[in-house]
Amino acid sequence: MRLLIVGAGGVGTAAVRIAARRSFFDHCVVADYDAAKAEAAVAAVDDPRFAAAALDASDAGAVEGLCRELRISHVLNAVDPRFVMPVFTGAFAAGAHYLDMAMSLSQAHPERPYDKIGRMLGEEQFADEDRWRDAGRLALVGMGVEPGLSDVFARYAADTLFAEVHDVGIRDGSDLVVDGYEFAPSFSIWTTIEECLNPPVIYEKNRGWYVTQPFSEPEIFDFPAGIGPVECVNVEHEEVLLIPRWIDVRRVTFKYGLGNEFIEVLKTLHKLGLDSTKKVRAGGVEVSPRDVVAACLPDPATLGERMHGRTCAGTYVTGLGKDGRPRATYLYHVVDNAWTMSEYGSQAVVWQTAVNPVVALELIAAGTWSGAGVLGPEALPPKPFLDLLTAYGSPWGMQEL
């Protein structure tokens with residue numbers, strides 16, 4: 001396996017640090033628009049298998065060219081969703097396999113965004129399904145933590161715990177605190193704005209996919225490991241689009257524990273137009289308001305020393321158990337920031353996102369996971385993944401509710 005990691009931000013750098021402890025690949029190139037960031041990610045692990053390169057992820061031809069030059073067999077996309085399609089397209093053109101942690105962007109319906117579906121997450125990638133399958137190559141999409149591990153949990157529950165799956169609800173919450181900042185998101189604010197302010201999608205078997213209002217259907221979910229009750233609300237997320245493709249289920253939702261303050265900040269950004277990606281002219285330059293917001297906030301990758309607490313990603317499944325009786329089970333993965341910082345020097349949220357594609361790549365390298373086409377994590381056997389994740393020193397849990 002000759003691996004290209006596109007993006008040396010928080011998640012890409014964490015993936016480098018995790019992969020450096022494993023032996024499943026022969027060579028790994030870390031590429032970023034900012035070559036210095038790629039070089040820093042490589043220097044931190046001091047491993048001759050790693051090298052750095054400069055790359056413009058918005059240029060599919062540049063992605064293809066770098067892959068061909070370096071004889072890349074697998075591409076891990078660790079940049080934000082704006083660049084999914086050029087990296088996805090460039091990897092295919094170069095004859096490489098592909099993984100990402102977030103799928104191609106959605107587009108709201110132009111006239112009735114909260115009543116009608118426009119373009120859904122991942123739609124552009126699934127439109128290319130035949131080409132990938134016919135070429136015998138794998139594009140494993142949505143293989144982070146959410147989406148990713150959450151989808152693996154759904155597949156595991158459907159295969160081993162339930163005779164009949166009714167509802168699958170992804171529930172994400174934390175008790176993370178960042179000292180010294182009034183507002184400091186633990187993940188990319190660009191991506192957070194995208195998923196939280198877009199119309200959330202819900203799936204129902206008898207209705208299909210439909211949209212609702214952002215932050216709708218609030219509920220209190222009691223998270224394990226001492227995190228406790230957190231209010232969770234609907235936001236747009238890939239699991240709702242992925243899970244029904246491979247699992248027979250009545251309803252799928254994604255709810256995020258944002259907290260009232262975070263929601264109010266996002267609403268204010270929207271009211272002021274600061275969530276927009278369309279460039280405006282200011283002081284003689286053209287700039288995207290959302291990029292300005294991101295530039296004004298601290299880089300999430302640098303917050304680890306100021307952060308404390310835990311983050312929990314999980315999948316709440318209801319239905320009939322193997323004994324035919326009603327069952328409700330929460331499968332989850334909790335990561336403590338103190339542990340990820342001491343072990344890897346990466347904060348908890350980016351580390352939790354990064355560990356899952358590395359586990360997936362190891363399974364692919366071993367031939368344990370294989371396939372052709374554009375596939376979600378639900379399409380592959382879950383137990384080997386969960387066993388290997390535990391072997392990485394980060395076990396998962398299960399709680400009956």
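Strands, like helices, are DSSP runs numbered from the N terminus (E, at least two residues, for strands; H or I, at least four, for helices). This is a predicted model, in which local features need pLDDT of at least 70 and side-chain atom pairs count only at pLDDT 80 or more, while totals for chains, interfaces and linings use all residues. Residues are numbered from 1 along each chain as its sequence is written, and side-chain values use heavy atoms, with hydrogens and water left out.

S4 pairs in the parallel sense with strand S1 (residues 2-6) over four bridges, pairing being assigned if DSSP finds at least two bridges between two strands. Val75 is the bridge partner of Leu4 and also stands opposite Tyr98 in S5.

**Nonpolar cores**

The largest nonpolar core has 91 residues, and Leu140 and Trp369 are among those with the most contacts inside it; such a core is a set of buried Ala, Val, Leu, Ile, Met, Phe, Trp, Tyr and Cys residues joined through side-chain atoms within 4.5 Å. Helix H13 (residues 348-366) gives the most to this core, with 11 residues. A second, separate core of 29 residues includes Leu4 and Phe92.

**Helix H8**

Nine of the nine residues of helix H8 (residues 189-197) are buried, so this helix is largely enclosed by the rest of the structure.

Key:
Buried < 20%, exposed > 50% of the residue type's maximum accessible area, 1.4 Å probe, protein only.
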